[in-house]
Amino acid sequence: SNNEGSAKDKMTAICELLQEHIDYYDWVGFYMANHEARTLHLEAFAGEPTDHTVIPFGKGICGQVAESNQNFVVPDVKAQDNYIACSITVKSEIVIPLFKDGKNIGQIDIDSNKVDPFTKADEDFLEFVNEKVAALL
Ligand code: SME
């Protein structure tokens with residue numbers, strides 16, 4: 001849209017708010033999909049910078065959600081084969097797809113340094129956050 005700069009700033013502010021105020025949200029980011037290239041691109045984040053700013057569809061938890069269009073809750077990352085480690089401190093992860101007009105255009109990705117912290121309430125809350133973000137785009 002013609003409003004991408006301000007949307008990115010708002011997405012960064014959302015990441016910072018969530019990472020600061022929810023104690024088990026240690027890294028929070030939004031990846032956005034390029035459907036032609038079949039890659040995800042890190043758009044906004046809070047927490048330690050990651051080397052994984054571009055992720056192919058199918059790779060890692062994020063890449064799998066780009067293809068499945070489903071929430072993916074990982075209670076223990078050690079139990080996952082198809083996982084991309086961003087930090088050795090991360091124990092668990094949640095990825096929720098972000099839909100705009102019914103299309104999976106990206107996702108919110110949260111890493112936690114705790115094992116198994118995410119509940120259905122996190123899924124519901126993050127789906128709500130994504131709906132609000134979609135309305136900015
Ligand atoms: N762990 C993710 C990669 C992104 S980092 O967590 C920031 C994955 O497996 O897709």
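Hi everyone. Let me begin with a definition: a residue is called buried if 20 or more other C-beta atoms lie within 10 Å of its own, exposed if 12 or fewer do, and partly exposed in between. Please keep that in mind, and remember as well that what we are looking at is a predicted model.

Is Asn104 buried, exposed or partly exposed? Asn104 has 17 C-beta neighbours inside 10 Å, so it counts as partly exposed. You can find Asn104 in strand 6. If we set aside the neighbours within four places in sequence, the contacts of Asn104 are Ala33, Ala66, Asn69, Pro97 and Phe99. Val74 is another story: 30 residues separate Asn104 and Val74 in sequence, and their C-alpha atoms are 20 Å apart in space.

Now a second example, Lys59. This residue sits in the loop that joins strand 3, residues 54-56, to helix 2. Around Lys59 there are 16 other C-beta atoms within 10 Å, so Lys59 is partly exposed. Have a look at Tyr83 too: Lys59 and Tyr83 are 24 residues apart along the chain, and 7.3 Å lies between their C-alpha atoms.

Let's step back to the whole chain. How many helices and strands are there in the chain? The chain has three helices and six strands. Starting at the N terminus, their order is α-β-β-β-α-β-β-β-α. The radius of gyration is 14 Å, close to the 14 Å that the globule rule gives for 137 residues, so the chain is as compact as a globular protein of that length. Along the principal axes, the C-alpha trace spans about 40 × 30 × 30 Å. By the definition I started with, 30% of the 137 residues count as buried. And if we take the contacts with a separation of 6 or more, 48% of them are between residues 24 or more positions apart.

Finally, the ligand. Which residues are the closest to the ligand? They are Gly60, Ile61, Cys62, Ile84 and Cys86, out of 15 residues that surround the ligand. Strand 1 (27-34), helix 2 (60-68) and strand 6 (103-112) each give at least two residues to this shell. Helix 2 supplies the largest share, four residues. Sorted by class, the shell contains seven nonpolar, five polar and three charged residues.

Definitions and conventions:
Residues numbered from 1 in each chain as written. Predicted model: local features only at pLDDT ≥ 70, side-chain atom pairs only at ≥ 80, totals over all residues. Rg over C-alpha atoms; globule rule 2.2 N^0.38 Å. Contact = placed C-beta atoms within 7 Å. Near = placed C-beta within 6 Å. Nonpolar A, V, L, I, M, F, W, Y, C, P; charged D, E, K, R; others polar.
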